[in-house]
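Hi there,

Here is the structure I promised to pass on to you. Please open it and keep it beside this email as you read.

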Amino acid sequence: MELLNYITSKVTLTPEECIAIDQAFKTESYSKGDLIIKPDSFSSKVCFIEKGLIRTYYYKDGKDITQFFFDEGSFTAPLNSIFYNKSEPYGWQALEDSVIRAIRYEELAPMLLKMPALQQMFFYASIDVLNVFVIKLESLQFQTAEQRYNTMVEMYPRILLRAPLGQIASYLGITQQTLSVIRAKR
């Protein structure tokens with residue numbers, strides 16, 4: 001989904017505002033496997049995924065753990081860097097050839113003040129991202145491995161075709177062997 005189509009599906013903008021937004025968000029292309037942001041680095045990039053699949057991940061005890069998947073029509077941003085002036089513990093990696101529209105938060109903030117509709121859209125987008133975090137947290141706290149798998153498939157219907165099974169297993173907090181057992185039951 002293209003950036004302006006997404007925004008205008010949520011709020012009404014003037015033609016001038018659409019032009020300003022389109023010019024401010026730069027297009028970035030990444031090949032499958034490319035790092036967009038390295039773990040423990042600093043970035044103020046606010047991103048909208050127009051095409052492709054991105055994962056956020058971190059390292060724990062030397063293991064690569066997938067935190068989230070972001071696909072077409074998703075916004076994401078390194079919150080630690082932007083709001084707390086800390087390095088971002090999470091890396092971002094393109095799992096498919098991807099097209100992202102990106103803007104530095106320092107450039108976005110004044111636009112939000114000038115365009116109340118854009119500010120409203122980012123409020124809605126923030127709620128959507130917060131909801132994804134809540135679903136994942138509730139899933140990890142209250143669901144069995146099989147229930148977490150089913151929740152993931154509901155949220156990301158094509159994820160099994162798009163992401164490596166090892167990354168899916170780490171997202172679910174299970175081993176790849178457990179994932180295989182769950183998938184064999186279906």
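Below is what turned up in it, starting with a note on how to read the values.

This is a predicted model, in which local features need pLDDT of at least 70 and side-chain atom pairs count only at pLDDT 80 or more, while totals for chains, interfaces and linings use all residues. Residues are numbered from 1 along each chain as its sequence is written, and side-chain values use heavy atoms, leaving out hydrogens and water.

Let's begin with salt bridges. Side chains of opposite charge can pair when their charged atoms come close. The structure holds ten salt bridges (a side-chain nitrogen of Lys or Arg within 4 Å of a carboxyl oxygen of Asp or Glu). One of them joins E28 and K45, with the closest N and O atoms 3.1 Å apart. Because E28 sits in strand β1 (residues 26-30) and K45 in strand β3 (residues 45-51), this pair ties together parts 17 residues apart in sequence. Strands are DSSP runs of E with at least two residues, helices are runs of H or I with at least four, and both are numbered from the N terminus.

Another bridge is formed by the side chains of E50 and R101, at 3.6 Å from N to O. E50 lies in strand β3 and R101 in strand β8 (residues 98-104), so parts 51 residues apart in sequence are tied together. Both E50 and R101 are buried (under 20% relative accessible area, with exposed meaning over 50% and partly exposed in between, using a 1.4 Å probe and protein chains only).

Now look at R162, in helix α7 (residues 159-162). Is R162 buried or exposed? R162 is buried, with a relative accessible area of 11%. Its side chain makes a polar contact with the side chain of E96 at 2.7 Å, and also reaches the backbone oxygen of G52 at 3.2 Å. A polar contact is a pair of N or O atoms within 3.5 Å; within protein, one must be able to donate a hydrogen and the other to accept it, and residues adjacent in sequence count only if both atoms are side-chain atoms. R162 also belongs to a network of salt bridges with D71, E72 and E96.

Finally, the rings: a search of the whole structure finds 14 aromatic pairs. Rings of Phe, Tyr and Trp (its six-membered ring) pair if their centres lie within 6.5 Å, and planes under 30 degrees apart count as stacked, over 60 as edge-to-face and the rest as tilted. Ring pairs link F68, F69, F70, F133, Y156 and Y171 into a cluster.

Happy exploring!
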